[in-house]
Structure formats: C-alpha cells, structure tokens
Amino acid sequence: MIFNKLSRRFLVVVTGLVSMFSMSAARAEYELNMTQGVTPISQDIYSLHMLVFWICVVIGVVVFGAMAWSILHHRKSKGAVAANFHESTTIEIVWTVVPLLILIGIAIPATGTLLDLEDAKTNADITLQVTGIQWKWKYTYVDEDVSFISSLAQSSRDVMSDPTGNENYLLEVDEPVVLPINKKIRFLFHSSDVIHAWWVPELAVKQDSVPGFINDSWATIEEPGIYRGQCAELCGKDHGFMPIVVNAVSEAEYEQWLVSKKEEAAAAAASAEQEWSMKDLLARGETVYQANCSACHGPTGAGIPGAFPAMTGSPLVLGDAAGHIDVVVNGKAGTAMAAFKGQLNDVDLAAVVTYERNALGNSVGDMVQPSAIKNAR
Amino acid sequence: MYTETTHDAAHGEHHDHGPAKGLMRWVTTTNHKDIGTLYLWLAFIMLLYGGSMAMIIRLELFQPGLQWVEPHFFNQMTTMHGLVMVFGAIMPAFVGLANWLVPIMIGAPDMALPRMNNWSFWILPFAFTMLASTTFMEGGAPAFGWTFYAPLSTTFAPDTTDFFIFAVHLMGISSVMGAINIIATILNMRAPGMTLMKMPLFVWTWLITAYLLIAVMPVLAGAVTMMLTDRHFGTSFFDAAGGGDPVMFQHVFWFFGHPEVYIMILPAFGVISAIIPTFARKPLFGYSSMVYATASIAILSFMVWAHHMFTVGMPVAGELYFMYATILISVPTGVKVFNWVTTMWKGSMTFETPMLWALGFIVMFTIGGFSGLMLGVAPVDTQYHDTYFVVAHFHYVLVTGALYSIIAAFYYWVPKWTGHMYDEKLGKIHFWWSTIAVNVLFFPQHFVGLAGMPRRIPDYSLQFAEFNAISSIGGFAFGLAQVFFLYIVIKTIRGGEKATAQVWEGATGLEFEQLPSPPPYHSFTEAPPVR
C-alpha cells in the first residue's frame, strides 16, 4: 500500500516537474518560468538556466529512478534477501568524477555569460544613475541634466485593501524611467539610506544599491515596451512598495522626452521664484507629505511609536521654522531621517514644511516660502 | 579514552540512582538524557512558535492586498520566523539528539562536561524569552530579516535591536559550550575498541558540526558586537560615511551564515545514514567515503560564503571563484545521496515510519540540492537572487531536509528513549499528510520566484495570486500536521506497545545492542564490549 503511494508520489514529482517546465519552455510563459527577457544577456541567462535545469532533471530521473526501482523490487514483503556489499572504490571514484565533468560543462558557458554581464564599463552610450531611497527610486541622466523621482502610483495605493482587477497592481509608478532601445545603457547604482536592489527581470539587471558605494550594470534593450520590476533587497517597512517601470522607446521618442523633461524643470524653477499663498502651499504640501513622509510619519502624522516620531505635537515642528526646515532639508545624521534637499525642489519643500506646521493636528500659523528653502540649502 | 576505575572510585557501587523528583530535577539536572529531552522540548515549542508566525505570513500572502497585518509587522514576522526556526528549532533539536544519542552510541556514561551541559541548555529559554518579548515593545521585534543586513539593522533599526543583539550573544555562548561538550565527549569518552572509524555516522557528523560551531559562532558574535558599537559607541564598521562598509557586514555575516546552514544539515546526514541501513537490512554503503564527504563539505563550507552576495557588486574574479567553489559542493553532497541509494539497492526493505521520513528526506533534500546547484551559477543568480525561488530552495533543504531528519530521528529512537512504540498508523498518517502539504506549500514557490516575485514582501501583484493561494493552503495543512505530531509525541511518552531492546529488526549499534528500552537513567557505567 504505502509503497504504491510512494512510487506514485515520485512519478507525480518527476513528471509534474518535467511537463510543467517543458510546457513553459515551448510557450515561454512568464508565470511559470524565468523570462527570456529583451537583452542579449537576459537570453544567455535564460539558456543557462534551462541547461542547468535539464541537467538536474536527468540526474533526478537517474537517482530517483534507481531509488524507485529499488523500493519496488528490493523489499522484504516481496521476499528480497539483503545482499551484503558495502564498499567499492571504483564506483566511488566514478560518481565523484562524472559529476565533476558535468560541473565543468556548466562552468564553461557560465563563465562566458558572467564576463559579459560584468562588462558595464566599455562602450556605454548612456549613463543612468539610479539612487535607492526608502521607498522610491531617483533617476539621474548623467549627461542630460534630467533627474526625477519615481514612486508607487496612487492607483495602487488606493486599492490595497482589495486590489482585485487592478492591472499592474504594485507594479505601476507615477513616473517611469524612459530609455532608448538598441543603445548600451550603463546603470550606476547607489543609495541614500539602506541597501536596496534594482531589479527588472526582462533586462536581467539586478544590482544592489549600497549607501556610500557605486555599483554598475548594463543592458541593451532590443525591443520597445514597458518592463516592470521591484526592489529585491529588504529595505524596511515599504520594501514591497517601490516598483520600477522602464519604458523602452525609439531613440527619436527618447530625445523628445528629454526635451519635455527639461521644459518641465524650467517651469518648476520659475514657480519657485514667486510668493505662494497659504492655501496653495497646504494643498501642494498634502500631496508631497503623503508621497514622501507618510510612510514613516503616518498619513495622519501619528508616526510609529519606538520607530518613527510623530508629526502631531512634535516639539521640532511646533518650534522655530528654521530648525524644522534644517531637519527636512539636511536630514538627521544617525537616524532614518533622510536629507530631502536632493529629492524635492524648493516649492515642494516649502509646501511640505508649511503643511506639517499647519495640518496633521498642528497649527503654528506661519508660512514657509520657497525662497526660505533656497537660503537654507 | 574512557576508564571505569576512576569513575567507580568516586561514586562507589551506587550507580543506578534515578532522577530527583519534581521540577528541580529539570532545573538542576546534569544527566545527558534529561538535558537531551529538555533541548528537544524547547525545539518543539520553538517549532510551533516559529510555525505560528509562518501561518501569519501565509495568511497575509493568501491573497493580494493588505488584509491582516501592516507591512512593518509583516517584516517582524519574517524576521522572527527565521531567527526562531534556525536558532530555536533546528539547532537545539540537533543538540538534543546529540545529548541523547552520542553517549549511548559511543558507550559513554554521560557527556564529558555535565554541568556545562546544564548551563548551555538553560541559557536558551532566557535568550528566546528576551527575543520574543521585543514583539510587545515599542518599535516592535527585529524587522530587518534574519540576516539583519546593516545599515537597516544599525542606523535604521528601533531600540529593541539591542535585545536582539544580547539574545544572539546568549545563543552563541550556548552553542559554543554545547559544541565543546560534544567534542570533549566524542574524543575522550569512547568505550575501548570504539575507534574513530567505527563510530556511527551520526557521531561523526556531529563531531564535524561541533568544530563548525566553534569556528563560526564567534564570528556571529563579532558581527553583532560591531553592530552594537556602531549603534551606541560611535564606531563606523558598517557605515561608509565614517569609513566603514555595509557590504563588509554581509561578508562577516555569511562567513558565519554559510557554515551555519551546514551545521543544520550535517547531523541530518548522520540520522539518515543510521535509518536507511536499518530498514534496508544492509550495511551502509561507503562508510569511509561518507566520512570524507562530510569533512569535505565542512571544509568547503568556509570557502563559499559570498555566493549569497552575487548582486552586491563584487569584482568579477571574486564572483568566478565563488561560483566554482559553490558548485563544487554538489560533488560530496552527491556522493552522500548516491551512497544512500546504493545502500537501499538489493536490500530487504520495509517501510516503517522512520524509513518513510528518511526516504522523503532523500528525495526532497535532493530537489533542494538541484535548486542549490542552479543558484550557484552566478550569472543566473542575477535572476534568482532574493526571489521566492530562493525561499523554495532553502525550505526544501531546511524543512524537508533538516526538519524531516529530526522527525525521522524521533520516530526511529523514541522507542529506545521511552520504551514505548509510537502508533505506527498515526506515524504514517503524519508522514503522508506532511509530505503532501509541504510540497503544495513550497513547490509553487519555485514558479512565483522564477516569474519575478521578490522575497520578504507583504503584498504582491495579481499575477502571483494563484500560486500564493495554493502555497498558503499547503502551509496551513503542514502547520496543522505538526500539531498532530505533538499529539503523537505525547501519546507515545504516556504509553504504547512495549519496545524490545533492539527495537528494529535491522538495528545495529551500542544503543540497540547493549541497552534495554528505555535505558537506565545512568547507562554504561561500565564500558560495553565493542565489536
């Protein structure tokens, strides 16, 4: 009885494994198997993955097959009498050397792919600097003076209690990173706080962004499209909520996009020169607060006791505006409080400080203008 | 070597006094059997505690969206689940088995250092109480993963992290003392004639494991001490702004962490090497090659740590070296599996419960080994790293590997320990229930991992929903099966069919050949004859 179940179990495991993977190999279904991706490296990695997988399947069939045969035939209930052999140097040498040869067969193509993968420094057309920030990504086009922050889209934040039917739930951002196809893109990774990892499966790029160090990687995207990924290194509370969206477009579209981004930046700089009204500051401040501050300090300013301080009634917030601005702009060394001067512009910073002082249960009554932020930088 | 004369001179003829009565028996005991029992019970309680946190994780992941817990609490659950299972369940269970079995396998009256043995156990309940208490403190339990990478665990961690640091120190002290004791016992207290190459493989694997423990637990202690001084005393070991390096933390951690995973699997190899020959009624194939393979795995385990770090930005030469060294481990591990299968070949097998768990171990540990080989291939690890593929891999080797061997060991030796046979029918139900559930639980995690689901996330996009739901159902079923196991354990202790001295028809070794079931409170007060 037991034996029948046992052998059936082996069959299920082995045939299930084989059929599931061979199906997906034929149809390249993303849901069951690794993506083949859209870069030369991602395709090499996929082939290597399938090679090692099939080697494992063959070894599995041999080992589990021998085991199943033995369980079938060499059982006491069938009158099997135990043999007494218990060593053979020859056979030990064989099953040491044969696996060694198989490993060499894996190591040779793996070495080639790894050397390609690590060749980020030569002949890059575009350099994109990626900064991990709790819990969003900052992209800086090093040669173009274009820089922006990309965080989880509001459409995902709104439906967390029931995301049914929300396409690309948790894989959508407010501002995707745009890259041209058929260009060698060199990514430079670093972090402003803890370790994150930038991962887009279709690009076969997964690299840690480490505070104080710069890592690199590269990709040449061969097909236009939208490619989604996520942070892959536990980076605190909202690790699961900092997606990546890459929009790969033709070179012409990419150039056009760069122009529009530069125009946007110029407009933002102009708005920082004017005086803002309390109403406008509060309205903008709420948006900025919810996108950048609420993850730690809470949507209502309550914080998380013992981990992140509350905004409501905070002596720092209720005190002198200059001290408040200093912490927001320059951060607080030795704590999780980031320096926001590199993340937000003058208007956003002025708005969020004003908001914190006059909302979330606080009512200091004063206003902070963008010019005050400019002076504090 | 063991000498009976000195022992006799000290204690006279009154050797067979039983245990003290009441609770103080367990607090003050220096008896290896009592301490082994204490370790095993602690491990079981921790298994249920760590398992209940796994249930919370699977509950939240049952469907997309945030239904049950907040992300911050979810991170506390994954962290504490890992810490409790590694340091609280698997490691103490193997130390418990060593306490019970090593003396009666080598013909020794007790462990070499019985008072230290008591101390090394009694540290642990306090360490785990302290660690668990952080869950109820302001700031919450550790939420930075059981690997506690800096700076998330230093600059960015709540104050409760200091309790975690102290608890890890205590666990380390306990482990090192336990390891010293095991080495001292094995090297000094073997019965005359029990040469090293006659020792059961369980004793061999534990001897090697104990050296691993002594080598790497101080490294872990160093890592948490550097964390402590970074947090409070102005050092910058892991802070680049002060000249340190967060990646160095990972090198230090994994220099401990990789041998640690072999600490959790080598004794399992010893258990399986005892059970397979008994139920195949045939001696273990390739005993000496098993010993050498174990030693090779242990040595290699010190030289592969950075394969956990292929994405941190290492020089390419480093990545190549760590890839080659890592995939090389599959050779001695393969030798072990081949030896077990060959032991079964042309045997006369029966399939009592311990054998079923051992066979389950071989099949599913091998599946975990295959995914391990895949993960070792550095360029492909770019896609696997920190995904559910890794989660599936290490649960196949730790749950269906280490835990399965511990359960197999329980069924195999519990008739010897208690003198009662367990209920064979219930044991078989426990095996099939667990084995089906555990595969429903972990096999789909390979697929979601390959499809792109990162690990340690409280919520996921809709494409991963089906497999996560399946996985959660398997998880609940597996959890329930271990509550059923608790019932079997209690039932066996309270009574059952009388076990013979040999217990199993094919059992060999001093504990089965020279001792009744259960053995007297003090066994082998005179050295047994060794063939």
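1. Which side chains meet in a salt bridge, Glu505(B) with what partner? The partner is Lys76(A), and the N to O distance is 2.8 Å. The model is predicted, so this distance is a computed value, and it lies inside the 4 Å limit that the rule sets for a salt bridge. Across the interface of chain B and chain A, the rule finds 1 salt bridge.

2. Polar contacts come next. Between chain B and chain A there are 23 residue pairs in polar contact, with both residues at pLDDT 80 or more. On the side of chain B that touches chain A, the elements giving two or more residues include α4 (71-106), α13 (353-376) and α16 (424-450) of chain B. The residues of that side comprise 59 nonpolar, 29 polar and 14 charged.

3. On extent, 103 residues of chain A and 102 residues of chain B take part in the contact. About 8,800 Å² is buried between the two chains, and carbon and sulfur atoms give 72% of this area. Within chain B, the residues that lose the most area to chain A are Phe156(B), Gln383(B) and Trp432(B); together they make up 8% of what that side buries.

4. Helix α6 of chain A covers residues 278-292. Its 15 residues should span 21 Å at 1.5 Å a residue, and the end C-alpha atoms are 20 Å apart, so the two values agree.

5. Buried residues in α6(A) are Leu281(A), Gly285(A), Val288(A), Tyr289(A) and Asn292(A). An α-helix has 3.6 residues a turn, so residues three or four places apart point the same way. Among the elements that cover the buried residues of α6(A) are β2 (136-141), α7 (294-297) and α10 (346-358) of chain A.

Conventions. Residues numbered from 1 in each chain as written. Chains lettered and ligands numbered in written order. Predicted model: local features only at pLDDT ≥ 70, side-chain atom pairs only at ≥ 80, totals over all residues. Heavy atoms only, no water. Helix = DSSP H or I, 4+ residues; strand = E, 2+ residues; numbered from the N terminus. Expected span 1.5 Å × (residues − 1). Buried < 20%, exposed > 50% of the residue type's maximum accessible area, 1.4 Å probe, protein only. Contact = heavy atoms within 4.5 Å. Buried area = accessible area lost by both parts, 1.4 Å probe. Polar contact = N/O pair within 3.5 Å; in protein donor to acceptor, adjacent residues only side chain to side chain. Nonpolar A, V, L, I, M, F, W, Y, C, P; charged D, E, K, R; others polar.
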